[in-house]
Amino acid sequence: MNNNKIESIEIDLLLEAVFRRYGYDFRSYARASIERRTRQFMSGAGCSSVSEMIPKVLHDKEFFSRLARYFSISVTEMFRDPFVYRAVREKVVPLLRTWPHFKIWHAGSATGEEVYSLAIVLKEEGVYDRATIYATDFNDDALERAREGIYEVSKMKEATRNYQQAGGKASFSEYLHARYDAVAMSGSLKERITFANHNLAVDEAFGEMHLVFSRNVLIYFNRELQNRVLELFTNSLVRGGFLCLGTKEDLRFTDVNNRYDVVDGKAKIYRKKSVP
Amino acid sequence: MRVSGKRHVPGETDYKAVVIGGSAGGVEALNVILSALSENFALPVLVVQHLHPSDDGSFALHIARNTKLSVVEPIDKALIECGHVYTAPANYHMLVERDGTIGLSVDERVNWSRPSIDVLFESAALVWGESLIAVILSGANADGAKGICSVKKAGGFTIAQDPASAETRVMPQAAIDTGAVDKALRPEEIGQLLAGLGMRGNM
């Protein structure tokens with residue numbers, strides 16, 4: 001047996017230890033990425049083998065916390081893929097408008113950039129006050145940063161460009177307050193957003209959503225967990241509700257494919273069929 | 001990092017896949033290589049070319065014009081098929097899963113790059129080991145140098161574009177400097193070599 005195969009066993013044992021000790025389930029994550037992160041964390045932690053990390057994870061909570069944070073790092077940006085926000089504005093908002101009140105679940109909101117982007121679109125379309133937005137993530141650090149809504153100034157140039165490409169109707173700076181070398185998102189964007197911890201791998205559905213927004217979250221899961229999570233999304237949506245995935249994620253070849261119509265194939269926007 | 005391993009003798013192994021990484025000047029070399037492969041070429045080819053983050057698949061379309069193979073910009077979990085060329089989408093890392101599918105990720109940039117050549121090569125080396133051919137083309141940074149070491153350590157066959165033939169020599173030179181490159185060749189030679197190693201019937 002070669003070293004790669006032995007290391008793969010070690011990683012299985014590490015993930016099993018994490019799950020049984022702390023209840024965090026990374027066993028169903030996309031394997032190549034989680035292996036890469038394990039190896040990177042290992043060299044940073046000064047361990048010479050994955051096996052060496054197992055007793056540390058079991059007996060040292062702080063070590064586990066660092067590992068879990070490392071596993072759950074997510075990278076995002078304001079108005080990532082601007083054409084998606086344009087499609088939401090043009091194809092989803094007109095239908096959300098037909099409900100007197102609607103609910104949005106942003107699953108895997110990470111550090112919050114995209115939930116504020118969505119809030120800006122709703123503001124500019126005049127429907128923000130009718131919305132309730134749930135932004136969830138299983139990483140408490142990320143949730144806290146999302147709640148604060150403070151971002152580096154250096155990222156705002158690209159954010160502004162994205163905002164304009166996404167069909168922004170005002171000046172992006174109207175939504176920001178400058179704070180030294182950072183910017184804070186305007187408080188008015190936060191009024192309708194509730195930030196909450198939710199773990200897609202183990203927790204249950206949220207009820208009666210009109211839009212589930214979950215981009216570049218499924219790609220971190222294996223097929224089995226993807227199907228579990230898509231089932232959860234489907235059960236959370238009202239009939240005629242919308243699902244928006246990452247641009248390289250797709251419902252084809254998944255268990256829920258026949259329960260949706262395609263609204264925008266490029267922006268990966270789907271609509272749950274009225275008849276199950 | 002310097003890697004010494006046993007010299008890989010091309011043709012002694014049944015190859016299963018080719019991975020190619022390029023940056024500045026890499027597209028031209030890639031076109032030359034892919035145009036040398038016939039529709040009978042029996043290996044999948046996975047390509048990371050550093051792109052502008054806003055590229056929306058135009059790179060894949062450009063590549064498709066110069067090859068007889070089918071070029072695909074994959075979605076996540078796409079099945080890797082023989083005789084297809086897979087180009088990593090802008091802003092995503094592309095990895096190989098052990099079940100023969102493609103995994104995409106938006107993890108942080110590696111070597112200031114997403115997609116990163118190291119990320120593709122390292123994951124491919126784990127899956128295909130000595131049955132992998134890895135090629136580093138023209139480019140202005142050192143992405144791919146660590147990846148080529150991983151391929152070499154796993155017993156794969158490693159090729160760099162001859163820096164003298166590269167528009168930007170930094171990247172192939174960085175790979176060669178690790179000691180992990182089996183052959184440095186011009187793009188036409190790489191194309192011919194791959195065409196021979198990946199022909200149906202040689203498998």
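Residues are numbered from 1 along each chain as its sequence is written, chains are lettered from A and ligands numbered from 1 in the order in which they are written. In this predicted model local features need pLDDT of at least 70 and side-chain atom pairs count only at pLDDT 80 or more, while totals for chains, interfaces and linings use all residues.

**Stop 1: the domains of chain A**

Select residues 3–71 of chain A for domain 1, then 82–272 for domain 2; such bounds come from an automatic or database domain assignment. Taken over C-alpha atoms, the centres of these two domains of chain A are 30 Å apart. Where they touch, eight residues of domain 1 are in contact with 10 residues of domain 2 (in contact means that the C-beta atoms of two residues, placed from the backbone, lie within 7 Å).

**Stop 2**

Now show chain A as a cartoon. Helices (H or I, at least four residues) and strands (E, at least two) are DSSP runs, numbered from the N terminus, and two strands pair if DSSP finds at least two bridges between them. In what order do the seven strands of the open sheet in chain A stand? Follow them as β6-β2-β1-β7-β8-β10-β9, with mixed pairing. Residues 193–197 (β6) and 260–264 (β9) are the edges: each has a single partner strand, so one side of each has no neighbour in the sheet. From one strand to the next, the twist averages 20°.

Next, pick helix α6, residues 113–124 of chain A. Helix α6 lies across β1 (102–107), β2 (131–137), β6 and β7 (209–214), and runs at about 170° to β2. Axes here are lines fitted to C-alpha atoms, for helices over the stretch in contact, and angles run from 0 to 180 degrees between N-to-C directions.

**Stop 3: strand β10 and its partners**

Zoom in on residues 269–272 of chain A, which are β10. On one flank, β10 pairs with β8 (residues 237–245) in the antiparallel sense, over three bridges. Click A:Leu243 and you'll find A:Tyr270 of β10 standing opposite. β9 also pairs with β10 in the antiparallel sense, this time over four bridges, and here A:Tyr260 stands opposite A:Lys272. β9 and β10 form a hairpin with four residues between them, and A:Lys268 in the turn has a positive phi of about 55°.

Are the faces of β10 in chain A covered or open? Both are covered, with A:Ile269 and A:Arg271 on one side and A:Tyr270 and A:Lys272 on the other, all buried. Buried means that 20 or more other C-beta atoms lie within 10 Å of a residue's own, exposed means 12 or fewer, and partly exposed is in between, with C-beta atoms placed from the backbone.

**Stop 4: where A meets B**

Colour the two chains separately. The contact takes 13 residues from chain A and 17 residues from chain B. On the chain A side, select helix α2 (residues 31–44), which gives the largest share, four residues. By class, this side of chain A has four nonpolar, three polar and six charged residues.

**Stop 5: chain B and one of its loops**

Chain B has six helices and nine strands, and its C-alpha trace spans about 40 × 35 × 30 Å along the principal axes. Of its 203 residues, 57% count as buried.

Finish in the loop between β6 (102–105) and α3 (117–128) of chain B, where B:Pro115 lies. The peptide bond from B:Arg114 to B:Pro115 is cis, with omega near 10°. B:Asn111 is found in this loop too, with a positive phi near 55°. B:Asn111 is partly exposed, with 18 other C-beta atoms within 10 Å. Now click B:Trp112, also in the loop between β6 and α3: its phi is positive as well, near 60°. Is B:Trp112 buried or exposed? B:Trp112 counts as exposed, with 9 C-beta neighbours inside 10 Å.

Definitions and conventions. Ala, Val, Leu, Ile, Met, Phe, Trp, Tyr, Cys and Pro count as nonpolar, Asp, Glu, Lys and Arg as charged, and the others, Gly among them, as polar.
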